[in-house]
Amino acid sequence: MIRFEPRTNVSSLFAFALPIIAGITALVLAAIPIAAAGGEVFAAYGHIFKGAFGSKFAFSELLARATPLIFTGLAVSVAFRAKLWNIGAEGQLYVGALAAVAIGTGAISAPAYIMIPLIILAGMIAGGTLMLVPTLLKTKLGADEVVTTLLLNFVVLLFVQMMLEGPMKDPMGMGWPQSEPMTSAATLPKMFARMRIHWGLVIALASALIIYIMMKRSVWGFEIRATGENVSAAKHAGIPVTSTFIKVGLISGALAGLAGVSEVAGLKGYLTADISPGFGYTGVVVAMLAGLSPVGVVVAAVFIAAVFVGADSMSRAMGVSSYIADLVVAMSLICVLISSLFVRFKIRFVRPKKTPLVAKGEA
Amino acid sequence: MEYIDILLSANFWAAAIRIATPLIFGVLGALVCERAGVLNLGIEGIFVVGAMCGWMAVWLGAGLWGGILVAALAGAFFGLLHGILTVPLGLSQHVSGLGITMFATSVSYFTYRTALPKVSSPPRIEAFQPLDIPVLSDLPFIGPALFQQTSMTFLALAMVLLVSYVLYRTPLGLAIRAVGDNPSAVEAQGLSVFVLRIGAIMAGSALMALGGAFLTMSAFDAFFFGMINGRGWICIALVVFASWRPGKALLGALLFGAFDAFQIRLQNEVGAVIPSQVFLMIPYLLSIVALVLVARKADYPRALLQPYFRGQR
């Protein structure tokens, strides 16, 4: 028989190691589908590792991939901390990108030191406002935010497609549904020549630091954590739960919006309707792997980005479908979820005791 | 008046029922899980699995009903996984469900790509054809509107009857409803909360997978990436709208199908003025509206989202 015994104290090293073990387990489990697809397993891992860390260029690609994941991971982790289930980071990313494009493609012309804060602010406001809708529907009308945020993702994507085929379409785009390019003043500069890594990464790291300080040291952080622990207890303690949810929604949406800004202004230079291959959803995995800690988000985002970049290059080299990356990401989520049991419980294997027959009736 | 013409055409009603069919399966599936106290956000991925496995089985020569069986079993398998994570292990139903959706989706996509590495146009199967029921299908208007559907639509309707019979007329149904409201009372009756909940999740997930299978085996005859497109999430909204009752679930799905079919026809009428995306947004917005309308007075199964550990109150 297996028995769960609640743990009272968890060593921080153990809590820190678990998600890493979970991620590695998911990577190891990927051997099964790789072998099933006829790939040579050890060679495949070699390709994954080389593709992610093998050269300066590969590492730059990896960090460029990690940048949006840091933002969406932070967005999800802040929301989940308060048990506000924001699964809408994907949509918030797109409205953030749309807002950045709306003012960054020539509508306003100003020098970079004005333009860049402006598009960042616009993206944050757009993302935050979008998340405000499901948050208010939850707090005022009791509508489950999981479903509303998920459904809004589809609405937003259609809206972006509509704008890109209509009013925001680039007349010079050869008929492709894409926006006009961002002006050079509204572009986040690249950090190194001939590499795609850009200053969005620095903004992402700064955001992680700010969120870390906010959660640890500020009253807001305390209120957010208390609300997430136990809503009714928080209410009794006089914490304004509704306004905390609204704050969390705004912060979370704004962070996801930043992911969109960083992608259009730092990486792509213009907006298309496929700018995000599910960064919003992957943000959930990043946040869970990070144990909802802002610093952990950075590490987890780098790990997930390595899986994607590495699997891409493995896929090109060996012909194993690149959906293997999504598979590893999904398995990491399930593994880290299971690993959370080990933090909460000691798992003991106990032999079932034989009870004497007489005692049975009394029980 | 073109709008009245739309409502008066048999074709419109046939389309409404066709659009409703996968949702009937999906809402019923979600309903069975939630009645037992477990939210199953794996639904979106289980739709994908059902669509892929059902299609793949037929493509490999299993026959249409063989495909249905394979889809249902695949759905039940992912249901079992969700069940183990959420029932005995008591892990977050939200996160586990999302994990199942991601896992099931990526497994399906990976399998499809591995089996068919380089196909430009997806291979087709001989899908279910509309039935020709003697007398009924030949009735004027009613025939083409209601009785020229495929067997899967009739299967969906049969499932509504079956689920509502089991839930309300059998001891098993009583136990399932009780386990979603008050698991310790069920345990006190000497029944196993684990078995009931996991069984309900597996059955519900099998139903969800049939919804996916309908898309590749009846509505279309091939599998496409991204073809589920949020249908699973819509079902999660509709089940609240249906207040967890099979009859209302059918009604909700049909109402939704009618709106969607109307929207498609409207697109043909005024598509030149209004971008098509506006119409395509309607189903999602409608689901949100449906959810918001009933949210305040929704009577959630009382133990929904609450893990149950033996000997704990």
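This briefing covers chain B and its helix H11. The model is predicted: local features need pLDDT of at least 70, side-chain atom pairs count only at pLDDT 80 or more, and totals for chains, interfaces and linings use all residues. Residues are numbered from 1 along each chain as its sequence is written, while chains are lettered from A and ligands numbered from 1 in the order in which they are written.

**Chain B overall**

- Chain B has 13 helices and zero strands; helices (H or I, at least four residues) and strands (E, at least two) are DSSP runs, numbered from the N terminus.
- Its radius of gyration, taken over C-alpha atoms, is 20 Å, close to the 20 Å from the globule rule (2.2 Å times the number of residues to the power 0.38) for 313 residues, so chain B is as compact as a globular protein of that length.
- The C-alpha trace of chain B spans about 65 × 45 × 40 Å along its principal axes.
- Of its 313 residues, 52% count as buried.
- A residue is buried if 20 or more other C-beta atoms, placed from the backbone, lie within 10 Å of its own.
- In chain B, 79% of the contacts with a separation of 6 or more join residues 24 or more positions apart; a contact means C-beta atoms, placed from the backbone, within 7 Å.

**Helix H11 of chain B**

- H11 (residues 231–241) has 11 of its 11 residues buried, so it is largely enclosed by the rest of the structure.
- Among them are B:Arg231, B:Trp233, B:Cys235 and B:Phe241.
- The cover includes helix H7 (145–165) of chain A.
- From chain B, the cover includes H2 (10–35), H3 (43–59), H12 (246–270) and H13 (276–295).
- B:Ser243 follows H11(B) and has a positive phi, near 40 degrees.

Technical notes:
A residue is buried if 20 or more other C-beta atoms lie within 10 Å of its own, exposed if 12 or fewer, and partly exposed in between; C-beta atoms are placed from the backbone. Two residues are in contact if their C-beta atoms, placed from the backbone, lie within 7 Å.
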